[in-house]
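Here is a guided walk through a protein chain, written for someone who likes to check contacts and geometry by eye. Keep the viewer open as you read.

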Amino acid sequence: MKDINVFLQVVLLIHILTSSESKSISSVETPAHPKRREEKFTVDEDEPIIIFDVDNTLYSEHNIRRAGMLGIEEQIIRNTHKFCRKSFNMTREESDEFYHEHGSTIEGLRLKLQTDGETGENIASVLRDFYQQVWSDMDYSSLLSSKRNGGDTTGYSHIAKRSALQDLLSSIRCPIYFASNSPSWHVKAVLEALGLSAFSNAVILAPDTVKAYKEELDFPTKAHPLVFFRSLIKKYESKRLILVDDSKLNLKKAFEIGIEGVHVENNLEEAIAIAIGHVEKDYKFSDIEYLKAKNEVDAKSIDHSTWKHLTTNVEVGDDGILRIADLGAGILLTLEIVLEGREDKKALVDFLPGLKGLEYHAYESNQALYEGCVQTLSRLGFQKESQKESTEGITHFFINLVSNHTVHLHLYDYEKESPQEYDRPIHLIIGCCFADLIEPFTLVKNLKYFLGEQGERNTLVYFPITFTGTTQFFPPKPFSKSIRGWIPSDTIAFRAYSEALEVDMGHNLDPNTLIHALNTYGCELLHRGASNWVIEKGKNPYFWRTMMYFFGTVGAPKMLKQSWDSLGWINQSKNCPNCIIVSNTDLLFRFITKPLKNTDPEHSLQQKDAEEIQFTAPFEVSTIIKPIHLETDVGPEQVLIESTSSLISSGTELKIYRGQFDDASLDTNIEGMTDERMAYPLAYGYSLVGKVVRIGTNVDPRILGKTVFTFSPHSTHVITSKDALQMVPDGISADDAIFFPSVETALSLVHDAGLLVGEKVAVYGQGLIGLLVTSILSMQKTPLDGQNGNFGTITTFDTLVDRLAMSASMGASQALLPQESDNAGPFDVSIEISGNSKALQSAIDNTRDGGRIIVGSWYGSADVKLKLGIDFHRSHKTIQTSQVSDIPAKLTTLWSKERRFELTWELVKLLKPSRLISKTTSLSRAKEAYDSLNEGKEIAVSFQY
């Protein structure tokens with residue numbers, strides 16, 4: 001019988017496709033195309049034709065009901081029960097049985113009427129009454145409420161919030177249709193309630209709009225796919241049709257006639273991503289499999305140095321018990337590291353010889369992870385002892401009988417915890433892959449619940465694997481063209497991904513915002529270190545595919561809205577053996593619960609000497625003690641500054657550290673350096689911020705206690721002329737202010753470049769100055785790189801992954817390896833600040849004829865060889881040096897040093913360059929700091945005093 005039915009379906013399909021008498025509503029010839037679709041692009045004959053079901057597909061009935069609102073399908077079911085009871089004397093159970101057996105109540109009624117011997121006209125009349133009565137007086141207000149989009153986050157979900165549905169559907173370039181077993185007027189009402197008014201005149205396939213043949217059924221539904229989808233089958237190849245539906249029966253029926261299907265399981269974005277090819281259809285996201293794969297990468301990525309600082313700073317309670325709160329337990333990776341260690345991280349308990357026991361509070365709101373947590377606890381030697389239910393949720397208690405360690409597994413969100421839960425203080429709060437998911441000030445307020453009455457004791461807060469906002473493929477790809485338009489550079493593509501995480505999902509991608517929030521609540525940053533994920537396609541296959549899933553469901557829709565060829569980018573990425581690098585940082589804080597005693601800075605200053613850095617030979621640096629005599633050393637025109645922080649120059653200062661300099665004046669325009677020579681031993685540095693603690697007799701007393709900037713060497717205390725000071729404007733932190741010279745240097749380079757609207761600029765070298773140049777350029781560029789890669793783009797080059805990642809976050813259109821320069825160019829302007837002659841040669845070679853090359857590098861005593869042959873001779877290219885000490889002659893009419901200083905402070909306030917600090921240290925560890933900069937391990941290093 002089944003084979004016969006299939007044969008009859010095929011015959012009917014052939015009849016439909018060849019019949020000249022077939023009837024269909026005229027509007028079916030025109031699919032949904034909102035106004036934005038008027039743009040020109042090449043038609044892809046293989047592009048899908050997407051058919052959207054409506055009820056429980058375009059919205060979630062589950063979310064509506066969970067929010068306590070009246071559901072749409074709830075009303076349809078209620079009205080169906082009334083109709084069946086009134087017209088057929090059927091019980092609710094009998095009515096529901098019709099639906100479950102036939103896929104829709106109307107098909108059950110149709111069969112019943114046929115069985116009862118009713119004629120076609122009588123059947124049509126009953127079905128018409130059914131539609132009019134069931135779908136009359138519907139309340140669509142629940143679709144207008146934001147509550148319907150709810151949904152809890154488990155702390156790592158990329159589908160926590162829905163992006164605007166209208167934006168998503170409007171950005172899809174392929175034809176769109178709507179198909180429902182409900183009447184067309186209901187479909188239009190739903191579309192308008194969802195804010196899809198642009199689609200209200202779209203083609204709607206519904207029982208009252210699909211016209212049947214004389215010999216066929218009236219009011220056909222998806223249960224009769226050949227009739228229901230006839231007009232689309234005639235217009236398009238079946239293989240291009242994709243039905244997006246929440247009903248597996250509807251999908252099964254459609255598949256029988258060659259229509260592919262995507263099942264919607266409370267996640268429309270995922271279904272759309274599958275339909276348009278952004279996500280592999282055979283991929284299935286699994287909470288447990290994802291966390292297992294992620295934890296393997298986490299264990300390797302967690303920063304060893306930050307972990308070491310944790311082990312030396314954590315304190316055990318007076319009773320010998322260490323109490324830890326893990327805010328996002330996952331499958332308990334951090335517990336494993338605490339007890340056993342992983343990779344290069346030794347077990348925390350091994351550093352606590354007086355430890356009598358561990359009390360570990362693990363919070364995990366995702367109930368599905370319970371069994372996985374139990375398996376991990378069992379492997380670590382724990383067994384379940386009991387459980388407790390509370391208003392917050394269920395807590396399971398586990399104990400290790402050998403070590404006396406206990407684990408409290410709370411299966412609810414940490415935010416629900418009662419402040420009375422802890423009668424003893426928590427010593428360590430952990431949140432792995434956690435802190436970037438929550439608004440910083442909200443997070444900090446919630447952390448206060450765990451502090452308890454601690455007296456003098458201080459709690460550590462440890463946030464390993466905190467996302468800093470940048471993802472990249474390595475090696476990264478530049479812009480390219482396809483038949484659908486421009487494929488974005490990897491830099492642009494991942495920026496769209498980050499924008500979606502930040503704007504649509506509420507993630508915080510700026511760790512400095514978190515640091516500021518914690519500082520505000522009395523928390524000091526002890527240490528930070530990079531903990532980047534390196535996800536290799538071969539070694540981490542499931543994690544790699546999951547990241548591609550995230551890119552497809554979160555980043556690609558944002559690219560679509562920006563008119564990029566997102567599908568081209570996804571396909572290009574899948575076909576390349578790239579590894580994925582995600583920039584993370586580990587943060588370690590201490591909550592100071594007892595205020596520090598106030599001290600008189602001038603009195604304390606008399607008790608100690610100044611400590612200063614001195615370069616003594618190539619790659620040799622040490623600290624010296626310089627006594628300060630307050631009464632005699634501070635002259636009438638001078639001030640004494642107590643240092644707060646200072647920044648290492650990654651240019652000139654590193655040259656001095658390496659010994660790559662000539663004997664010359666340190667700087668002819670910085671007071672105090674004009675008479676100093678570049679010769680060992682040498683104190684050097686020019687980016688220091690501190691407070692004025694003593695003044696000379698001829699200095700305005702109002703400056704006392706003010707925060708100032710000075711071009712002075714690294715030292716705990718500095719005596720300098722009052723005229724050498726820059727007052728740090730309000731609203732600028734000391735950590736931002738130390739970047740003043742670097743920002744001015746970058747500004748000088750940008751001024752020398754003199755960019756015109758639409759010009760393509762390349763920046764060779766993404767060290768500190770290069771990154772600041774990129775950031776300033778991105779502030780004044782036109783939005784043309786949001787359309788294609790031909791105009792207004794900023795292309796940056798470097799060999800180091802971390803620098804490329806930071807370059808992307810600072811505004812580069814594409815951050816690439818040097819070998820991509822031929823593909824990315826030519827450029828109108830090239831700025832070279834790498835200090836590498838190969839980069840200078842590449843800048844010359846890849847600048848257009850008539851273009852400009854701005855050289856900001858200082859090559860010191862090194863010989864530089866360049867190829868300047870016939871091509872260069874005929875090119876009319878200009879090579880111009882750039883140096884910050886003086887205003888170039890061509891700009892002196894408009895600009896003075898004072899005016900540029902004023903603009904520089906405004907840029908410092910706007911750019912907040914302290915986000916570039918990758919390492920903070922003390923003068924006693926200066927050589928380690930210079931070595932790490934010299935080896936390219938850090939972007940910016942500051943000294944804290």
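Two strands are taken to pair if DSSP finds at least two bridges between them. With that in hand, look at Ala-762, whose bridge partner in E28 is Ser-830. Please keep in mind that this is a predicted model.

## The chain as a whole

The chain has 945 residues, and buried residues make up 55% of them. Its secondary structure comes to 33 helices and 32 strands. The accessible surface amounts to about 41400 Å², and carbon and sulfur atoms account for 50% of that area.

## Strand E28 and its two neighbours

Back to the strand we started with. E28 covers residues 827–832 and is mostly covered, as six of its six residues are buried. It pairs with strand E25 (residues 761–764) in the parallel sense, over four bridges.

## An open parallel sheet

Which order do the strands take in the open sheet of five? Read across, the order is E3-E2-E1-E4-E5, with parallel pairing. Strand E3 (204–205) and strand E5 (260–263) are the edge strands, and each pairs on one side only.

Within this sheet, strand E1 (residues 49–52) and strand E4 (residues 241–245) pair over four bridges in the parallel sense. Phe-52 has Val-244 in E4 as its bridge partner. Helix H12 (residues 268–275) packs on the sheet and touches E1, E4 and E5. The direction of H12 makes about 170 degrees with that of E4.

Helix H5 spans residues 105–115, and its buried residues are Thr-105, Ile-106, Glu-107, Gly-108, Leu-109, Arg-110 and Leu-113. An α-helix has 3.6 residues a turn, so residues three or four places apart point the same way.

What do the buried residues of H5 pack against? They meet helix H3 (72–88), helix H4 (92–102) and helix H6 (120–134). After H5 comes Gly-117, with a positive phi near 85 degrees.

## Salt bridges

The count of salt bridges comes to 33. Glu-536 and Lys-539 form one of them, with the closest N and O atoms 3.8 Å apart. Glu-536 counts as partly exposed because its relative accessibility is 31%, while Lys-539 is exposed, with a relative accessible area of 64%.

Glu-637 and Lys-722 also form a salt bridge, with 3.1 Å between the closest N and O atoms. Glu-637 lies in the loop between helix H23 (630–633) and strand E20 (638–647), and Lys-722 in the loop between strand E23 (717–721) and strand E24 (725–727), so the pair ties together parts that are 85 residues apart in sequence. Glu-637 is partly exposed, with a relative accessible area of 36%, and Lys-722 counts as partly exposed at 29% relative accessibility.

## A buried pair and a network

Are Glu-744 and Arg-900 buried or exposed? Both are buried, and their side chains meet in a salt bridge at 3.2 Å, N to O. This pair links distant parts of the chain, with Glu-744 in helix H26 (residues 740–753) and Arg-900 in helix H32 (residues 897–911), 156 residues apart.

Salt bridges that share partners also build one network, which joins Glu-296, Glu-336, Glu-340, Arg-342 and Arg-379.

## A nonpolar patch on the surface

One last stop is on the outside. Val-864, Leu-866, Leu-868 and Ile-879 form a nonpolar patch on the surface, and together they have about 290 Å² of accessible area. Ile-879 is found in strand E30 (residues 878–881). Why does Ile-879 count as partly exposed? Its relative accessibility is 38%, and partly exposed is the class in between buried, under 20%, and exposed, over 50%.

Key: Residues are numbered from 1 along each chain as its sequence is written. This is a predicted model: local features need pLDDT of at least 70, side-chain atom pairs count only at pLDDT 80 or more; totals for chains, interfaces and linings use all residues. Side-chain values use heavy atoms; hydrogens and water are left out. Patches are made of residues with over 30% relative accessible area and no salt bridge: like charges are joined within 9 Å, nonpolar side chains (Val, Leu, Ile, Met, Phe, Trp, Tyr) within 5 Å. Accessible areas come from the Shrake-Rupley method with a 1.4 Å probe; for residues, only the protein chains shown count as cover. A salt bridge is a side-chain nitrogen of Lys or Arg within 4 Å of a carboxyl oxygen of Asp or Glu. Buried means under 20% relative accessible area, exposed over 50%, partly exposed in between (1.4 Å probe, protein chains only). Contact means heavy atoms within 4.5 Å. Axes are lines fitted to C-alpha atoms, for helices over the stretch in contact, and angles run from 0 to 180 degrees between N-to-C directions.
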